[in-house]
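Visitor: I am new to this structure. Please show it to me, and then I will ask about its parts.

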Amino acid sequence: MAAIAAVVVGAALTVVAANSAASAAACASAWSSSAVYTNGMTASHAGKNWRAQWWTQNETPGSAAVWADQGTCGGTTPPPTSCDHPNWVQGQWYTAGSIVRYTNGLYYIAEHDNPGYDPVISTWYWEPHTCGTNPPTTTTTTTTPPANGSFVVSESQFNTMFPGRNPFYTYAGLTAALNAYPGFAKTGSDTVRKQEAAAFLANANHETGGLVHVVEQNQANYPHYCDPGQPYGCPAGQAAYYGRGPIQLSWNFNYKAAGDALGLPLLTNPWLVQNDASVAWKTALWYWNTQNGPGTMTPHDAMVNQRGFGETIRSINGSLECGGRNPAQVQSRVDAYNRFVGILGVPAGNNLYC
């Protein structure tokens with residue numbers, strides 16, 4: 001109507017300006033160097049909107065071919081909606097566009113349909129939503145990885161722990177992965193934090209032979225990790241879901257679950273785990289922080305609640321090692337843990353065995 005009125009009074013220049021302002025696209029969420037973007041996802045940077053054409057992380061829009069220029073942005077932002085959205089419920093199905101209030105009091109909007117994934121972990125499925133007085137900058141701590149110096153294990157200590165490690169397992173890859181689970185080695189006292197880091201790295205040490213092996217060595221096992229009973233099957237191939245990474249992620253259902261939680265296409269591209277150090281570490285942190293395995297709690301909860309290193313063994317491989325089934329394997333894990341807490345200068349605590 002404003003444009004029509006302008007034509008009536010003959011103010012052609014005003015019409016052009018109004019049409020230009022009306023056509024200016026609103027800016028998408030600001031690009032983040034720590035966020036993962038997949039095909040079709042958008043972000044704004046330097047006054048323009050950009051669309052990712054394939055998987056990317058830490059590639060600046062405008063300087064990397066993965067980003068397609070969508071034109072300038074900066075249209076008028078509509079006023080925020082009222083803050084009467086329901087609380088997020090784990091396991092409840094959410095369609096794209098759903099807005100929820102998370103346990104930290106902040107709001108998130110579903111970018112893709114999902115079965116109740118955690119908004120501060122599954123950043124591909126959810127993004128922060130400004131609602132009323134909800135400050136738009138309050139979620140930066142969940143998406144910005146901590147500086148290397150804030151991790152309780154320094155790079156020199158990491159190198160001491162793994163003197164013969166495979167170059168693939170970089171310290172930078174580990175610290176870059178920490179933003180996926182901000183509670184890891186950041187919960188409790190300084191001693192508890194260091195004990196958890198030591199426990200995580202000790203189990204990774206055992207699973208990979210001292211961070212030497214990136215993939216499972218027995219290739220005869222590779223075809224066995226496809227569970228055809230899963231509705232999504234094994235789209236990457238019958239033999240594609242073998243063990244990879246610091247905790248040797250295996251089976252198609254684990255690749256599916258980890259990929260969904262991390263916002264990564266691991267079911268269709270499991271090779272990401274052996275080709276990207278940060279992704280490899282993230283899959284290990286996914287298991288550590290969210291999976292009980294054959295135990296009764298996650299390894300993260302076991303260390304934070306001081307249930308002992310032995311409980312982490314139970315959660316990772318208790319059905320094969322605990323209860324006297326394979327004491328040598330248990331001892332290997334315990335020996336590494338004792339060595340690592342010694343490097344970090346904290347006691348090992350109680351309940352080392354399972």
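**A first tour**

Guide: The chain holds 12 helices and 8 strands; helices (H or I, at least four residues) and strands (E, at least two) are DSSP runs, numbered from the N terminus. This is a predicted model, in which local features need pLDDT of at least 70, side-chain atom pairs count only at pLDDT 80 or more, and totals for chains, interfaces and linings use all residues. Residues are numbered from 1 along each chain as its sequence is written, and side-chain values use heavy atoms, with hydrogens and water left out.

Visitor: In what order do the 3 strands of the open sheet lie?

Guide: Two strands pair if DSSP finds at least two bridges between them. Strands S2 (42-45) and S5 (67-72) are the edge strands, each pairing on one side only. The pairing is antiparallel, and the order is S2-S3-S5.

Visitor: Which residue in S3 is the bridge partner of Thr 42?

Guide: S2 and S3 (residues 48-52) run antiparallel and are joined by 4 bridges. The partner of Thr 42 in S3 is Arg 51.

Visitor: Is Gln 274 buried or partly exposed?

Guide: Gln 274 sits in helix H8 (residues 272-275). Buried means under 20% relative accessible area, exposed over 50%, and partly exposed in between (1.4 Å probe, protein chains only). Because its relative accessible area is 22%, Gln 274 is partly exposed.

Visitor: What percentage of the 354 residues in the chain is made up of buried residues?

Guide: The figure refers to the chain of 354 residues. Buried residues make up 46%.
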